[in-house]
Amino acid sequence: MMGKLGGIVLILMLLMWCCNTRKTVVEFNLIGSSGMLPELEVNGEEWDIQVDDSGYAKLMLTEGEHGYATLKYGKDRLPLFIEDGMTLRIYIYGDHAKGNIRFEGDGAPKNRYLNSQVMKNLSFDYELDGPEFLGQLKDLIQEQFHYLDTMGFDTAFTEMERNRIKFSTYKALENYPLYHAWSTGNMDYQPDTAYLSCIKKLIKEDEKLLVLKEYQEGMASLVSLISTYHMKELDAYKQVMAQFDYVIHHLTNETLVEFLIDHYAYAYLLGVGIDGHIDDVLRVYDFYVKNPVLRKRFQEVYDRCAKIVPGSPAFDFMFTDIAGQAVELEDFRGKYLFINVWTTWGVPCRYENLAWEKLKKEFEDDNIVFVAVSCDSDRAVWEKRVRENPKGEVQLYMGNDRSFMDFYMIRGVPRFILIAPDGRIINSDMLRPSDPETAKTLRAYLKEK
């Protein structure tokens, strides 16, 4: 009898515990959206949020699915904090989240704080000398700390947020040497030893902080600055090997070492692709990086890069010209094809287009076709620019299909691609028209023909 009674009591206790366990809930309310859907990234996991006809969706998160997160909505990227056991209701008005978002629920206060203007408006004076620039960063960090302290958040979040603020601000240090040179006109500027000594003191090995994107990026920036400050030329291979060398010989935390080796190798692969030095990079990578998640991500990018090495078949595109007629890769068979991927609003694109026109005239009697492919989102804007500034090259419009951009792993424009007469890739990231070596390179290929 007592056994049965004890069992009933246990069941009742379990039911009470289940009822009292708080769920982590994130609700989405899209108001006035044209069909754009949000994405949520938490701890490396991504969710595509499918809303109902009223624009509503509800996520029930489990243990481990909380902490700092990112809300992706179109081109907007907003910081979030998903608090364990709390409810966060997100209201987005229209197709732009920035400036049009509202948070409610018991998980709202920290998200209002993260998305407040005080946390966004950071500007840096790169004309300052090294010590003054470091002082500026220190003042900016203290201002953010002061604002954080007025919020009255719990100790754990406040301490983590202090680290996030520090390393987020430290990212400016990597840009400082180059931006200072531009701002002052002193193109030979190099950081002095006192400045670098201060930078070294900011490097903090703390595995627990790797959950913070800002810590990851901040540490990568600090180590990159220390390891490459002496390099006057921009050589991606020498840079990545210097980064590897510093990490291996100066850092001791194995998890942090693995993260940074992966970070620099991944960046090299994205920036340079599979080149003659890739085996050296892979030897270091394979020795230090064992995490299957990191290796899977690296392998996926490597496989994509392998599709655009010289000699591989070019992407079989089909775009439209100003008259709406379809133009495809096969139409240029038998000729060299020099592609300029551009956009009407890009300042670098406008600069390169001037050199592009000169180059086109120089080779107008040769077996090469100059093709400008616009990736503008608005065809009308592109058409207006083309009609106002008629050029001699072939003008094509990409439209909303980004398969071409994905294939060539284009993350910024302008981007130039050289295709051989047989439809195979010569260079998927060709020199820019403004580079004096570009004309020489084109001439060399044309002579071979």
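Between which two helices does the loop holding Glu127 lie?

1. Glu127 sits in the loop between helix H2 (108–114) and helix H3 (130–149). Helices here are DSSP runs of H or I with at least four residues, strands are E runs of at least two, and both are numbered from the N terminus. The chain has 15 helices and 15 strands.

2. A quick word on provenance: this is a predicted model, where local features need pLDDT of at least 70, side-chain atom pairs count only at pLDDT 80 or more, and totals for chains, interfaces and linings use all residues. Residues are numbered from 1 along each chain as its sequence is written, and side-chain values use heavy atoms, with hydrogens and water left out.

3. On overall dimensions, the C-alpha atoms fill a box of roughly 100 × 60 × 40 Å along the principal axes. Of the 449 residues, 43% are buried (under 20% relative accessible area, with exposed being over 50% and partly exposed in between; 1.4 Å probe, protein chains only).

4. Now contacts (heavy atoms within 4.5 Å): taking those between residues at least 6 apart in sequence, 63% join residues at least 24 apart.

5. Trp182 belongs to helix H5 (residues 172–184) and is exposed, at 54% relative accessible area.
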